[in-house]
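User: I am new to reading protein structures. Can you take me through one, feature by feature?

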Number of protein chains: 2
Amino acid sequence: MQIDNDLAKNLELVYSYQKEIFVLQQTLALLGWDERTYMPKKAAESRAEQNAFIEGLIHEKITSEKLYTALETLKKERLENKEALMIEKLHKEVLRARKIPKELVEEIAKIASIAYNSWIKAKEESNFSILAPVLEKIVELKIKKAKCIISSNCLYDNLLDYYEEGMTAEKLRPIFEKLKAGLKELLKRIENSENYKNQKIMPDKILEARPQLELARELAKSMGLSEDNFRIDTTEHPFSTKISSEDVRITTNVRKGVFNSLSSSIHEMGHALYSLNLPKEDAYNILGQEASTGLHESQSRFWENMIGLGRPFWEYFFPKFNSKYNLQGNFEEWYQDINAVFPGKIRIESDEIHYCLHIILRFEIELGLIEGKIKVKDLPKVWNEKMKEIFGYTPKNDREGVLQDVHWSTGEFGYFPTYAIGTIYAAQLYDSIKRDIPNIGGDIFQGNFSRISEWLTKKVHIRGSKLLADDIIKNTCGSGLNPEVFLEYLNKKYSEIYDLEKIKTSN
Amino acid sequence: MQIDNDLAKNLELVYSYQKEIFVLQQTLALLGWDERTYMPKKAAESRAEQNAFIEGLIHEKITSEKLYTALETLKKERLENKEALMIEKLHKEVLRARKIPKELVEEIAKIASIAYNSWIKAKEESNFSILAPVLEKIVELKIKKAKCIISSNCLYDNLLDYYEEGMTAEKLRPIFEKLKAGLKELLKRIENSENYKNQKIMPDKILEARPQLELARELAKSMGLSEDNFRIDTTEHPFSTKISSEDVRITTNVRKGVFNSLSSSIHEMGHALYSLNLPKEDAYNILGQEASTGLHESQSRFWENMIGLGRPFWEYFFPKFNSKYNLQGNFEEWYQDINAVFPGKIRIESDEIHYCLHIILRFEIELGLIEGKIKVKDLPKVWNEKMKEIFGYTPKNDREGVLQDVHWSTGEFGYFPTYAIGTIYAAQLYDSIKRDIPNIGGDIFQGNFSRISEWLTKKVHIRGSKLLADDIIKNTCGSGLNPEVFLEYLNKKYSEIYDLEKIKTSN
């Protein structure tokens with residue numbers, strides 16, 4: 001009796017601690033959302049204090065003796081499967097957190113907040129030296145953090161694991177090599193095609209924001225997103241964030257590229273669907289969260305690329321879009337234009353083929369930074385050299401080069417690879433859904449996304465984090481992270497667009 | 001040496017606890033701001049959890065043994081004046097907080113969050129019964145809270161003291177009686193005037209929001225508010241909130257009344273100036289905060305009424321306003337119109353004379369609620385009877401009656417009187433500033449508000465809460481809360497507008 005009682009008490013403690021931690025994380029998410037959308041400039045310093053303090057509280061909770069002791073005890077108990085899994089996952093988190101001093105957590109949070117604003121300024125003025133000193137500090141602190149954890153010999157893995165549990169640089173390297181080779185090969189074929197040589201790139205055109213936002217909101221509805229659960233705002237670097245299991249915030253902005261804002265909205269709405277369709281009963285425990293950043297990204301990429309850049313989608317959507325903007329072109333031209341391949345300098349404006357090359361570049365650089373082989377002060381030089389090597393040219397300035405992304409300034413090392421992971425996963429999911437829903441193109445063509453949304457929820461969202469991301473994909477698609485499927489998808493799609501079969505025959 | 005060391009340690013603890021408490025309060029302020037501006041509807045429940053949890057944390061901090069022990073020890077030490085004062089004030093807060101169970105604090109926070117949304121719905125549908133059950137619960141909990149504190153025999157005082165330290169129902173009653181009598185007398189004189197009898201009320205007109213927001217932003221600059229420190233958003237019930245000493249959020253909305261949105265912006269900008277001009281060095285301790293809600297309100301009322309409804313202001317501002325809206329009237333008509341006196345049903349749309357009558361009505365009712373003499377279920381009836389008694393008519397429905405204000409639904413009992421207190425203080429400050437800056441009208445006429453802002457900062461803002469609000473007013477104006485000065489101000493202004501002297505002579 002006494003034992004059962006202790007068991008119940010310990011379980012209760014574990015549940016209530018988790019809830020507190022998640023509520024604090026939600027609060028932190030709101031502080032972050034506000035910081036990047038509406039916060040007045042001069043509040044940067046006080047926001048840094050607020051972020052650091054809440055981060056510190058979370059760390060205090062997760063490393064507390066009480067939680068640790070309860071978990072250690074519960075690990076020895078016979079629990080039903082789901083609870084045992086929860087305890088195991090949480091125990092792993094707690095052990096990792098307990099290796100990191102609270103001061104370090106707070107220091108990183110504080111400096112990341114300040115660096116975010118330095119990045120904005122540095123980018124505005126296209127001057128890396130504005131960001132350099134604070135970035136140097138961040139790299140130093142992240143290395144320090146990785147050294148505290150040291151569950152892998154590779155320092156970088158300790159950071160990567162926060163975003164992509166179970167993934168390592170060693171696993172990624174050959175996958176990225178294969179991917180790089182495949183992408184370069186496809187690019188070469190495209191570049192040799194008549195279509196590519198004759199391709200007229202649509203002039204970069206900034207389309208008014210309001211109609212794009214209106215269209216995004218309309219689309220959200222048909223994707224199954226309710227305005228009662230999410231909102232769209234504008235920001236410098238679009239993101240989405242979960243404030244609670246019923247409240248997801250999407251952001252977008254308007255930049256070069258004909259439908260950039262709409263496209264980034266579709267992307268973020270994919271994220272939102274994932275967050276809102278997680279198992280509600282586990283909203284406040286570790287099993288009810290997104291399985292990994294890469295899997296999160298697979299959801300956004302799926303909607304952005306496989307749906308939002310696909311032929312059936314635009315057959316459905318082109319008239320709506322055209323009626324807002326009167327683009328003066330026919331559908332075929334439009335479809336070719338939005339899928340036009342060309343080496344761009346900016347990752348988030350990149351076509352589907354170049355995109356992952358951008359990621360591989362960043363992965364190689366950040367790996368070097370954390371391993372101490374690349375110095376912060378050399379970043380612009382290293383960046384430009386790698387761009388030359390992979391893309392064949394040098395960025396005009398830092399804004400177009402090393403300063404284009406926010407991630408490093410906010411300390412997110414190990415994040416970039418998840419974009420490529422997600423992109424590959426998305427292609428794998430697309431491959432599977434086409435088998436499960438044979439006439440998926442027909443649904444899309446009619447603007448009917450409900451079967452797609454439901455499939456994704458059933459196969460991915462509702463599983464929460466009961467499995468690792470790679471196992472969720474393996475379960476659904478038959479294999480884990482598999483660049484071949486993505487390359488096949490690209491080859492098929494772009495062979496059509498650039499009429500590559502013709503070349504093969506003629507050669 | 002040891003003693004000095006302990007002293008330093010205790011002081012350090014007190015400072016760091018205060019900082020943590022203020023940072024948590026700032027976080028809570030952001031949760032609240034978001035809840036009333038941008039939060040998706042279905043997030044209400046999770047927001048309630050978040051609010052309750054942070055409230056609980058604040059309570060935990062402020063009631064902690066460590067802080068209590070440090071304060072008890074420090075109270076016996078010889079400290080320099082300012083520190084001694086800080087310890088004394090904080091000790092008082094801590095003692096009060098320690099009387100209230102954490103569960104009660106969390107329960108109130110949670111239900112207030114839920115009730116806010118019930119209020120929105122009840123008001124939309126003009127149906128008090130939607131709010132009634134949850135409001136009953138709130139009143140019950142607030143009475144429970146007041147009973148925990150019991151530092152005054154009058155239960156209500158224990159709640160009032162949170163907003164207006166040192167103020168009591170007993171002190172307020174005769175002041176409000178005098179005020180009520182004076183207002184009614186002035187109203188009678190106005191109602192007997194030829195001008196009143198001939199007065200054509202401008203039709204209620206909803207002027208587009210955007211130009212009003214633009215004008216408000218322009219005005220903010222000349223009042224000394226920087227866009228780097230504040231922002232304006234829209235909401236149901238306008239408010240302003242301090243997210244940090246460098247970050248104040250103003251809200252407004254557009255409703256009936258020709259310049260309602262602008263007027264409410266001016267009001268909230270008065271609040272913002274106060275919050276942003278508090279002593280920065282005390283931002284994270286109890287001496288650097290606003291002295292009371294009433295004094296806060298004096299700042300908004302000063303700008304809204306004494307400046308924003310005054311003749312010199314509109315002599316300066318009418319052309320600007322007119323150029324946005326083309327109102328097709330001359331300045332004299334406009335000035336008379338915006339100051340037209342008539343018994344309105346809605347407090348926040350009320351003229352300067354009726355306004356405090358609205359407050360007195362609410363004060364009498366909430367006093368009755370907390371003393372148990374009025375039941376929640378009878379509120380619509382009681383409200384309508386009092387309206388009939390004081391204003392001479394009955395509201396058409398609950399939306400126009402008991403549901404018009406948010407305060408009770410969020411548990412803010414003891415808040416309403418501070419509107420009248422602030423209004424009176426504002427008149428006292430106006431009376432004093434005219435002596436210190438003889439040609440104040442000339443400044444306003446030129447749209448130059450810098451001397452006024454500076455004076456308010458020097459006399460009020462920068463003092464923080466080192467003195468009680470009433471003592472700050474006494475120091476600056478020669479007497480504490482004094483309705484006579486306000487009545488004099490009204491008599492003078494409205495005698496002119498309604499040509500009351502003429503009546504006197506002719507009678």
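**Reading a two-chain model**

Analyst: Start with one pair of residues. Arg47(B) forms a salt bridge with Asp247(A), and their closest N and O atoms are 3.9 Å apart. Keep in mind that this is a predicted model.

User: Why does that pair count as a salt bridge?

Analyst: The cut-off is 4 Å between a side-chain nitrogen of Lys or Arg and a carboxyl oxygen of Asp or Glu. The pair Arg47(B) and Asp247(A) comes to 3.9 Å, so it counts.

User: How many salt bridges does the rule find across the interface of chain A and chain B?

Analyst: The rule finds six across that interface. It also finds 16 residue pairs in polar contact there, both residues at pLDDT 80 or more.

User: What area is buried between chain A and chain B?

Analyst: About 3000 Å². Carbon and sulfur atoms give 61% of that area. The contact takes 35 residues from chain A and 35 residues from chain B.

User: Now a single residue. Is Ser129(A) buried, exposed or partly exposed?

Analyst: Compare its accessibility with two cut-offs: buried is under 20%, exposed is over 50%. Ser129(A) has 48% relative accessibility, so it counts as partly exposed. Ser129(A) is found in helix H6 (residues 128-149) of chain A. Its side chain has a polar contact of 2.7 Å with the side chain of Asn127(A).

User: What should I look for in the interior?

Analyst: In soluble globular proteins, nonpolar side chains tend to be buried together. Here the largest nonpolar core has 139 residues. Among the members that touch the most others are Phe302(A), Trp303(A) and Phe449(A). Helix H15 (residues 352-370) of chain A gives the largest share of this core, 12 residues.

User: Which residues is Phe449(A) in contact with, leaving aside neighbours within four places in sequence?

Analyst: They include Leu219(A), Met223(A), Trp303(A), Ile307(A) and Phe313(A). Ser222(A) is also one of these contacts.

User: Where does the second core lie, by its residues?

Analyst: That separate core has 138 residues, including Leu159(B), Met167(B), Met269(B) and Tyr489(B).

Terms used: Residues are numbered from 1 along each chain as its sequence is written. Chains are lettered from A and ligands numbered from 1 in the order in which they are written. This is a predicted model: local features need pLDDT of at least 70, side-chain atom pairs count only at pLDDT 80 or more; totals for chains, interfaces and linings use all residues. Side-chain values use heavy atoms; hydrogens and water are left out. Contact means heavy atoms within 4.5 Å. Buried area is the accessible area (1.4 Å probe) that two parts lose on being put together, summed over both. A polar contact is a pair of N or O atoms within 3.5 Å; within protein, one must be able to donate a hydrogen and the other to accept it, and residues adjacent in sequence count only if both atoms are side-chain atoms. Helices (H or I, at least four residues) and strands (E, at least two) are DSSP runs, numbered from the N terminus. Buried means under 20% relative accessible area, exposed over 50%, partly exposed in between (1.4 Å probe, protein chains only). A nonpolar core is a set of buried Ala, Val, Leu, Ile, Met, Phe, Trp, Tyr and Cys residues joined through side-chain atoms within 4.5 Å.
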